[in-house]
Amino acid sequence: MSAVLHNARLAKFAWRKLTNQVALVLSLAAMSFGLFWLFWILFETIRLGVGGLAVATFTQMTPAPNEVGGLANAIYGSFLIVTMATFVGTPIGIMAGIYLAEYDTDGWLATLTRFVNDILLSAPSIVIGLFVYAVVVSQFKSYSGWAGVMALALIVIPVVIRTTENMLQLVPSGLREAAYALGAPKWKVITKITLRAARAGVVTGILLAVARIAGETAPLLFTALNNQFWNSDMSQPMASLPVTIFKFAMSPYENWQQLAWAGVFLITLAVLGLNILARILTRNKD
Amino acid sequence: MSSTLPARSAPIQRQAKDEKRNMSNSPLPNSRRQSALPDRVFGWVAKGAAFLTLTLLFGILVSLVYGAWPAITKYGLGFLTSSTWDPVKNEYGGLVMIYGTVATSFIALLIAIPVSFGIALFLTELAPAWLKRPLGTAIELLAAVPSIVYGMWGLLVFGPILATYVQQPLQRAFGEVPVLGALFSGPPVGIGILSAGIILAIMIIPFIASVMRDVFEVTPPLLKESAYALGSTTWEVVSKVVLPYTKAGVVGGIMLGLGRALGETMAVTFVIGNFNQLDSLSLFQAANSITSALANEFPEAGEGLHQAALIYLGLVLFFITFVVLALSKVMLAQLNKHEGTKT
């Protein structure tokens, strides 16, 4: 073994070692890069949001520019629309998830539905808004809270289908077989045994769906529109927190921008809180 | 588990195709005995819910085409290459918006792909076991933040900082250079295609990183250990063993991120400037994307050609995202086929 060959090999190894170290440092930098944005966004949201928060934010209604006011009607409107959308979308999502997991899992309908569902899951939400506009708003010639409910329900359904199906598939077959052996009809096996066993996961899915629609703005832009006053009538345009934030943030008025930050803080709090709650629920199952 | 991010189907149940869980269906199939009525009704309701999903997609397509029909008949495919957008003279063309959407998504991918790869590499190879979970959660929280938060933060916090520390120095440095200077020539105020692209990148990083991490973890340990046994460094294992094995999944994840970036509305609307122009290709100039045009103009668009043109844009966007997402599903499914097979 000549010394030249040995040195060449050492040099090559040194080069490989250097490439490796550079790559690993870069990957650490990438991780810090990602975390940096998360912390910066959260920090700014908390700093600017808490500054704009006051008791008035929850008790007074959206004001005219340069007047004192709050976000009460927007919060109430968002709460109504999100709750109703969850009530409408969840049963449909769970039933479809049950079909995908329990009935004819490999059939053509199930495969096609899974494919379509994954596309709808990531489809642009503004297109969903356009669809509901074309079907509901232009037929009834008015923006309404119900149109907003429908648009958000269409976003809830794919999320719930995906999580329900995944959770039901994790239930061991032995449970189902034992129930059948005891003579239970299929629908009882599904509702009383399988769904019960997957309960935590399904609830998690619903929580994640709620977290997702709580922050959605685009589908509400041309369905529920917006409303400057308190409104409990779902067939009229309704205020919602995200749309109000959109309107206030793009404006040049100081008080509107402050209220927008407060709204952003509230939404982030709700969404992240729901996500963390969902994570805690699934972690205990492991 | 976050279902806003793509989840792989539970591999345990999927792989054994030959045992179709026969016992999970009712033991006596329909031929011998009629199931009781509640059983059948329940089955119909479940099947109907699945059909509803299909009709939903179909309904979206049909209603978009119907709404855009006036514009489709008037312009045909020329709509995609014309850049006039004049509500006063009732002349419309979608090139400005399509360019804005494509340019911002391209910049977003340019930034997001290497960063996501680095994050996935860190999470799978470098992080100690106790750190993997919290870091993974933190990255997934980035995905959970609503897009309107990104938009507001981008406009009011990030934009000014981008203007002072990035755009103005770039303009001073490259302003006079003949070709590059055109890219950096617009007003450096922190809005425009560059800002929108950067914010989109931050939004899609968690999607791409999470898919990449999932597919990296699926590589058979035997392959990696053999490479290590032959003396490879960590980087060589990842670049020469893991990446080629998972390339379909990686591309699938990238296309998923692209699909998300194309359809993102609020974050883009806040920072893109909403200016229908294509005169300058500068990254700093305000522009418009399909989603921001829809968000800004649709509520006040007059019935007739203006609305139809906007719906035509929505149809184009839906079509593009449909194709991208379908391709992503196909690529990810290809990787799932390898799971559980002998290597």
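Residues are numbered from 1 along each chain as its sequence is written, and chains are lettered from A in the order in which they are written. In this predicted model, local features need pLDDT of at least 70 and side-chain atom pairs count only at pLDDT 80 or more, whereas totals for chains, interfaces and linings use all residues; side-chain values use heavy atoms, with hydrogens and water left out.

The size of an interface is often given as the accessible area lost when the parts come together. Here, chain A and chain B bury about 8900 Å² between them, 76% of it on carbon and sulfur atoms; buried area is the accessible area (1.4 Å probe) that two parts lose on being put together, summed over both. Met31(A), Ile41(A) and Arg279(A) supply 7% of the area that chain A buries against chain B, more than any other three residues. Contact, defined as heavy atoms within 4.5 Å, involves 97 residues from chain A and 97 residues from chain B.

A salt bridge is a side-chain nitrogen of Lys or Arg within 4 Å of a carboxyl oxygen of Asp or Glu. Over all chains, 13 salt bridges are found, and 3 salt bridges cross the interface of chain A and chain B. Arg279(A) is paired in a salt bridge with Glu140(B), with the closest N and O atoms 2.9 Å apart. Within chain A, a salt bridge joins the side chains of Arg114(A) and Glu165(A) at 2.5 Å, N to O. This pair links distant parts of the chain, 51 residues apart: Arg114(A) lies in helix 4 (residues 108-122) and Glu165(A) in helix 6 (residues 145-169) of chain A. Helices are DSSP runs (H or I, at least four residues), numbered from the N terminus.

In chain B, helix 5 (residues 147-174) spans only 32 Å between its end C-alpha atoms, whereas a straight helix of 28 residues would span 40 Å at 1.5 Å a residue. The expected span is 1.5 Å times one less than the number of residues. Helix 5 of chain B has a kink of about 45°, centred on Gly154(B), the bend at a residue being the angle between axes fitted to the seven residues ending there and the seven starting there.

How values were computed:
Helices (H or I, at least four residues) and strands (E, at least two) are DSSP runs, numbered from the N terminus.
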